[in-house]
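Work through the exercises below with the sequence and the model at hand. Each task is followed by a stepwise solution.

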Amino acid sequence: MQGLVVRNTGSSFLVKSDDSLVYECRVKGNFRIKGIKSTSPVAVGDRVSFVMMEDGIGWITEIEERKNYIVRRPANLSKQLHIIAANVEQLILVVTISHPETSTIFIDRVLATAEAYRIPATLVVNKCDLYTEEELEYLRMLQVLYEGIGYGFLAVSAVTGENIEKLKSILEGKISVLSGNSGVGKSSLINAISPDMAVKTGEISNIHDKGMHTTTFSEMFEIFPNTYLIDTPGVKGFGTIDFKKEEVSHFFPEIFRASADCRFGNCMHLKEPGCAVKKALEEHYISESRYSSYLSILEDCDEGKYR
């Protein structure tokens with residue numbers, strides 16, 4: 001039998017067969033995908049072959065070749081990949097200006113990872129009904145920055161419904177993966193987009209103003225006909241992995257464009273003479289925040305750390 005992995009429960013997977021029935025399936029401990037060291041060989045969004053046993057449990061025997069996948073480093077600092085989702089057409093990164101605050105370093109790490117795996121990304125700023133004038137001004141600055149680089153950008157409110165229809169149009173007809181810090185309101189957005197889904201929502205911790213995890217494992221929802229949304233666990237940090245130091249600049253479009261004019265082809269844009277990236281930074285064509293994010297990923301490559 002063949003089907004689509006629609007949920008990862010940690011110990012097993014839910015697979016929607018081609019005749020629209022859902023089966024609980026598992027993988028054997030020695031099941032691996034050649035060339036990929038991951039915490040789990042199977043991801044939500046995978047097309048798989050499986051066989052059903054007499055006890056009603058299916059066993060996944062094969063994974064079809066993936067069009068793409070997106071990963072992050074597991075929280076335990078393992079060098080293995082944690083595959084968030086496979087075969088996706090776009091990444092929707094949900095962020096908040098406050099309640100809780102999403103750092104630009106977190107944003108840029110996710111965007112760089114999307115670039116590395118050739119997945120188009122859109123920034124969605126939620127909770128815009130809560131922001132002060134000063135915070136709204138910062139939101140507008142972020143919009144100018146990221147739209148100028150080439151990313152989609154949309155400010156929404158799951159509570160008031162502001163721009164929810166625009167978000168629906170961005171999602172329509174595609175397989176999208178929804179990512180973001182804990183507490184930014186991903187589940188609330190899914191409820192606003194498709195109330196019938198009734199996704200469990202969480203409350204913000206008043207003590208730390210950080211999100212409480214409500215999504216434990218990735219899950220795919222068909223929110224409209226031929227429109228799928230993969231909800232992923234909220235994360236408090238996003239560790240890049242598998243980046244070669246000399247390729248990091250390729251995942252920052254504006255840095256990559258400027259680097260064409262560097263004196264040296266192997267310029268790392270640090271202290272080299274004739275660096276066009278540093279010149280663009282001084283002239284404010286590249287933002288300080290983006291350059292800082294670039295440096296933080298280089299630090300990952302040097303020391304194996306992440307934030």
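Two rings of Phe, Tyr or Trp pair if their centres lie within 6.5 Å. The model used here is predicted.

**Exercise 1.** Find which residues form one aromatic cluster, and classify the pair of Tyr 291 and Tyr 294.

Solution.
1. The cluster consists of Phe 252, Tyr 291 and Tyr 294.
2. Planes under 30 degrees apart count as stacked and those over 60 as edge-to-face, with the rest tilted.
3. For Tyr 291 and Tyr 294 the planes stand at 35° and the ring centres are 6.0 Å apart, so this pair is tilted.
4. Helix H7 (residues 288-303) holds both tyrosines, 3 residues apart, about one turn of the helix.
5. Tyr 291 and Tyr 294 are both buried.

**Exercise 2.** Describe the surroundings of Tyr 69 and state what its pair with Tyr 117 ties together.

Solution.
1. The whole structure contains 4 aromatic pairs.
2. One of them joins Tyr 69 and Tyr 117, tilted, with 5.2 Å from centre to centre and 45° between the planes.
3. Tyr 69 belongs to strand E6 (residues 69-72), while Tyr 117 is in the loop between helix H1 (104-116) and strand E9 (121-125); the pair therefore ties together parts 48 residues apart in sequence.
4. Buried means under 20% relative accessible area. Tyr 69 has 18% and is buried; Tyr 117, with 15%, is buried too.
5. Arg 66 lies over the face of Tyr 69, 5.6 Å from the ring centre.

**Exercise 3.** Determine how helices H3 and H4 pack.

Solution.
1. H3 (residues 164-171) and H4 (residues 186-193) pack at about 90°, their axes 10 Å apart.
2. H3 is therefore roughly perpendicular to H4.
3. Ile 164, Leu 167, Lys 168 and Leu 171 of H3 meet Leu 189, Ala 192 and Ile 193 of H4.
4. By class, this contact has 6 nonpolar, no polar and 1 charged residues.

Note on methods:
Residues are numbered from 1 along each chain as its sequence is written. This is a predicted model: local features need pLDDT of at least 70, side-chain atom pairs count only at pLDDT 80 or more; totals for chains, interfaces and linings use all residues. Side-chain values use heavy atoms; hydrogens and water are left out. Axes are lines fitted to C-alpha atoms, for helices over the stretch in contact, and angles run from 0 to 180 degrees between N-to-C directions. Helices (H or I, at least four residues) and strands (E, at least two) are DSSP runs, numbered from the N terminus. Angles under 35 degrees count as roughly parallel, over 145 as roughly antiparallel, 65 to 115 as roughly perpendicular and the rest as oblique. Contact means heavy atoms within 4.5 Å. Ala, Val, Leu, Ile, Met, Phe, Trp, Tyr, Cys and Pro count as nonpolar, Asp, Glu, Lys and Arg as charged, and the others, Gly among them, as polar. Buried means under 20% relative accessible area, exposed over 50%, partly exposed in between (1.4 Å probe, protein chains only). A charge sits over a ring if NZ of Lys or CZ of Arg is within 6 Å of the ring centre and within 35 degrees of the ring normal.
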